[in-house]
Amino acid sequence: MTTSYSTLYQSLVQAFKKAHLNKSTWTLMASALACVPAVAAENELASQENTPVADFPKMTVTATRTPTAVNNTIAQTRVIDSEELNTYKGQSVLDVIKRQPGFSYKQDGGMGTVSNFYLRGYDNKSILVLIDGVRYSSLSAGGSSLNLLPAEQIDRIEVLYGASGSSMYGTDAVGGVIQIFTKGQNIEQNQFSITAGAGNHDHYMYGATAQFRNEQGTSLSLSASRNETKGYSALLPDPTNPNSQYNSDDDGFESNNYSLRLNQQINADVDVGISGLYSDSETEFDSGPSIGKDRTKAKQKNGAAQAFANWRYAPGSTVKLAYSHSIDESDNPTYSSNYETKQDQVSLVGQHKLPVGTGIYGVEYLKQKLDSNVYDADYRKVTSGFLGYLTSYNNIDVQANIRHDNYSDFDDETTYNLGVAYHLAPNLRAGVNYAKGYRVPTFNDLYWPGSENPGLKPETSDNYEAFLEYATSLQLTRVTGYRNKVEDLLTYKSQFDSEGQWIGGRTENIEKAKVEGVTLTSDWNINDYLFGLSYDYQKAKNNSGNANDGNDLNNRPEHKGLIYVGYQLADLDLRAEYQYVDKYYYDDVNSNKADGYNLVNISGNYQLTPALSMSARLNNVFNKKYVTSPGYSTDDGTNFFTSLTYTWK
């Protein structure tokens, strides 16, 4: 193991010292990838008797609401499996998502601090997060706190790109859908494991997982973990303001996390169950000189749970009845504010096997309630119904969905999407997709004191996507182009006084905005070697005709890329990645620009004995200093985390 690790590390150091991601480099990369299908075809003709077959295609349920092979979906879809997630022990779900194609992010420091993430020009308010199918978000802020969810509690993550999720899941899915699956989805045997890990900044994590199944159709998974760090001081000094650092102490974070999944098979056609994920955390942060250090803490409670029953009433036909409940609570004594979001949903969702294809149908009732000491608005109700059709017939893949939502505080809205793909050759596929998007303002957008804007209109969009995909048993390569035309884009707009000083801001409707981009992904697995890359080109522009017309939308880099290599055996998994993020603007007036940055990360898992395994991650190998949110250091340079897991079977 030591020799392999050292060789891989040294080769990466030499390559990355010489790498400069300028336009010529990207052009060369694109040209090389254009040759991928030809090279793959040549490899296919060679003898493969001793070649391991990679897990292509992977399966997804998020993209269609029924199990579907990724290479039969229309909209771009990505699956992050348990093997990849094992390299993120001690990290958050945000740490996983921010490295995926199409995503960018900002964060006010280390673990647990305020963050936002973006996908295809949309921020996290427009990206629906599901935990085992349960909606998870804040009714006040609108987004989901992925920075508070522990990666070690997760079995798999699926990402659906683009607005086709709106016609299946509703208003907050216009930018995409992230579905998080907790452990215990497929228990193969009884086992119990304990994990302990440590990293720099006094970062410690320890936890245990127990899984059980019997011949009577019962399966149970229980998991608990503790994650804590003293952190570092994220507040950067301002040379123009000697008091800028105020309480510039280390910003700690601690969380207790629990997950549960229980399934019971009643008979061959009926099963029932419950599942849930819960996190109780506390985040420290720096604040102004009038606030004591003992008050610069925020406490959070986040989670989602459901009870469900599945009935298979015919071959290929099922229906699921579920009641779900999620919470997002925040108590911040520094600013004397607290928010408690509770979401309750009852849903009936089914799929029916047709002579050609499958029909998808469902009805949902969602009640969202907010308890807060900041403003009086406290609830929203949404009643929904949707229909869908999915087929892969001969050389054609088709997906169509339509959804109608009735809102208690806005007008009714109907969204829909239609996608078609055609197999030009057995391994080569091309397709197009259109989706209508719709998003309503959050309660903070409408009612936040001092920046309230109750006259906000819902945001609507037309979203177009086209792709070319080449898939074999060894690799999956896809080029996706997209264009989003947005009406009444909901975005935060800064306000300045006559001397140009920032005095606040509020959410406003931008009359028009346009986001255009191309995403290239390629993932390979040949003879125990993993390698691949992703590249995103995106232009997100204000297109309103006002003073900011033609400006870049904030926090959306034009270029972003990642290259990874790995070596994988039955007892060893080594991976190294190089990530590039281009410059971008912090604000809508394009006066404050963030520098681009390059990062190198290395991770690995090793099965020391049949019962004992080790996981390690080294982030920011070359100690790059970078900022994603103005005034805050996103990390404190090179950082590491390593853990040991012992399993009894």
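Arg439 touches Lys125, Ser126, Thr171, Val174, Asp445, Pro458, Glu459 and Leu490, leaving aside residues up to four places away in sequence. The model is predicted.

**Arg439**
- Strand 23, residues 428–439, contains Arg439.
- Arg439 is buried, because its relative accessibility is 2% and the cut-off for buried is under 20%.
- Ser126 is one of the residues that Arg439 touches.

**Sheet 4-5-6**
- Three strands form an open sheet in the order 4-5-6. Their pairing is antiparallel.
- Strand 4 (103–107) and strand 6 (122–123) are the edges of this sheet. Each has a single partner strand, so one side of each lacks a neighbour in the sheet.
- Strands 4 and 5 run antiparallel and are joined by five bridges. Strand 5 spans residues 115–119.
- Gln107 has Ser115 of strand 5 as its bridge partner.
- In general, strands of a sheet pair through backbone hydrogen bonds, either parallel or antiparallel.

**Ala570**
- Ala570 sits in the loop between strand 28 (559–568) and strand 29 (572–581).
- Ala570 counts as exposed because its relative accessible area is 91%, and the cut-off for exposed is over 50%.
- Ala570 and Gln607 are 37 residues apart along the chain. Their C-alpha atoms are separated by 8.4 Å.

Technical notes
Residues numbered from 1 in each chain as written. Predicted model: local features only at pLDDT ≥ 70, side-chain atom pairs only at ≥ 80, totals over all residues. Heavy atoms only, no water. Helix = DSSP H or I, 4+ residues; strand = E, 2+ residues; numbered from the N terminus. Buried < 20%, exposed > 50% of the residue type's maximum accessible area, 1.4 Å probe, protein only. Contact = heavy atoms within 4.5 Å. Pairing = 2+ DSSP bridges.
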